[in-house]
Amino acid sequence: IAQINALSSVSYTHTRSVTHTDHALRAIKHSGTNLLTLPRVFSVCWHTKAEDINIKIALCFPDAVAYAALLRNELLGAGIETVPDPHTDDRRNTLVTQDTHSLFRYTIHTKRVPFDNEISPYSLSPLSNKSHKLLRSPRKPARKISKIPFKVLDAPELQDDFYLNLVDWSAGNLLSVGLGACVYLWSACTSQVTRLCDLSVDGDSVTSVCWNERGSLVAVGTHKGFVQIWDAAGGRKLTSLEGHSARVGALAWNGEQLSSGSRDRVILQRDVRTPPPVERRLQGHRQEVCGLKWSPDHQHLASGGNDNKLLVWNSSSLLPVQQYSDHLAAVKAIAWSPHQHGLLASGGGTADRCLRFWNTLTGQALQSTDTGSQVCNLAWSKHANELVSTHGYSQNQILVWKYPSLTQVAKLTGHSYRVLYLAVSPDGEAIVTGAGDETLRFWNVFSKTRCTKESKSVLNLFTRIR
């Protein structure tokens with residue numbers, strides 16, 4: 001009662017100064033009282049600009065939008081009944097889209113406002129009906145992402161080389177890691193570690209690893225330009241493919257076909273079922289190929305190179321069908337969206353630092369944002385329209401983004417070297433990151449709940465019949 005009385009003494013001081021608004025807000029914050037039981041404390045702010053109110057509320061309360069909407073109802077008669085989902089793009093525009101017809105007028109309502117059927121005429125609450133509806137509107141809990149990895153593994157001899165891809169996570173929950181001349185398998189279920197192969201007997205080293213979709217075969221690219229196919233369960237090498245004249249830093253499976261990118265600037269596509277395999281040579285890059293990803297519909301291959309180019313190939317042509325040249329540095333980070341057909345994301349190196357998005361159905365450049373540091377890897381969430389990026393010079397951070405707003409959901413730090421390696425768990429909830437600090441760190445970054453919104457693009461052939 002004393003708190004409410006003190007609050008009332010502040011609120012009923014009729015003044016045109018914003019200072020008393022500050023006192024009222026500060027009193028509410030420290031009183032701990034329920035908004036529904038407070039007297040009409042904000043009636044004193046009848047000459048305060050809405051922008052000032054927004055600023056004061058944002059500073060006092062963590063959930064600024066809800067309280068600002070309540071203030072607008074009580075001070076300005078805005079009639080707001082619902083607050084947008086805190087994770088939607090409309091939230092940031094909420095405060096500036098409401099009616100401001102009574103910003104500079106003060107009127108005393110002498111007539112009693114009629115009550116809705118939902119509000120009892122005997123209610124002791126000082127709030128209006130609109131504010132009651134606002135306070136009863138359902139809202140999702142705030143998203144929380146742990147900034148601490150739930151597991152850290154030592155990875156001795158994990159190379160600090162931007163152009164390599166040495167970590168991958170299989171559908172069978174096995175993590176493959178290339179350490180020096182060896183490939184190790186770590187079971188996420190049992191934490192058991194096994195050595196799959198050792199290339200030191202041939203004087204070679206591992207430069208890339210990649211699981212097939214079923215998680216039964218792992219491809220290993222080597223420094224001498226070989227591509228080896230290994231049976232993970234049996235621990236035996238099935239074949240060794242030649243064709244490259246330099247190290248193989250990028251691998252990508254497409255069903256039974258395997259694509260490999262090399263420092264020799266060539267992409268080789270081979271069907272591993274046919275001995276000797278049928279080979280397609282894709283030549284479009286002028287420098288080392290360091291990124292390869294097949295689209296979810298298995299129709300297009302995206303490749304990134306040290307020539308700052310992002311190329312898109314189809315399954316039949318020997319020439320790229322699309323070429324993007326907006327990046328100012330090497331393009332290693334490539335990821336196709338599993339939610340929107342034809343949406344491709346890419347990231348540039350140290351001289352570029354940008355995330356860029358492309359509509360490969362039309363060849364149109366979409367959004368872009370400067371991340372502030374070298375983009376090393378990208379991966380989309382399997383369940384929500386979000387993606388994670390790992391970074392090198394100079395911040396070595398991990399960022400979680402919401403698409404298409406490109407707002408940062410979380411920023412994770414912990415690696416002391418460039419975060420060069422990234423893989424997503426088969427359930428789509430966790431990620432593993434690797435760096436030249438010779439550690440692997442596991443993070444829970446993505447939600448378990450699947451996004452129910454579907455793409456409404458008229459160009460999406462898979463969700464629309466035309």
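R356 and D352 pair up through their side chains in a salt bridge, with N to O at 3.9 Å. Both of these residues, R356 and D352, are buried. Keep in mind that this is a predicted model. Across the whole structure there are 12 salt bridges, and a few of them are picked out below. As background, side chains of opposite charge can pair when their charged atoms come close.

**A network of shared partners**
- Some salt bridges share partners, and in this way D161, R247, R263 and E288 are joined into one network.

**The R236 and D231 pair**
- R236 meets D231 side chain to side chain in a salt bridge, again given as N to O, at 3.9 Å.
- D231 has a relative accessibility of 17%, so D231 counts as buried, given that the cut-off for buried is under 20%.

**The D160 and R418 pair**
- Here the salt bridge runs between the side chains of D160 and R418, at 3.4 Å from N to O.
- This pair ties together distant parts of the chain, as D160 and R418 sit 258 residues apart.
- D160 lies in the loop between β1 (151-154) and β2 (167-169).
- R418 lies in the loop between β25 (407-412) and β26 (419-424).
- Is R418 buried or exposed? R418 counts as buried, because its relative accessibility is 10%.

Methods
Residues are numbered from 1 along each chain as its sequence is written. This is a predicted model: local features need pLDDT of at least 70, side-chain atom pairs count only at pLDDT 80 or more; totals for chains, interfaces and linings use all residues. Side-chain values use heavy atoms; hydrogens and water are left out. A salt bridge is a side-chain nitrogen of Lys or Arg within 4 Å of a carboxyl oxygen of Asp or Glu. Helices (H or I, at least four residues) and strands (E, at least two) are DSSP runs, numbered from the N terminus. Buried means under 20% relative accessible area, exposed over 50%, partly exposed in between (1.4 Å probe, protein chains only).
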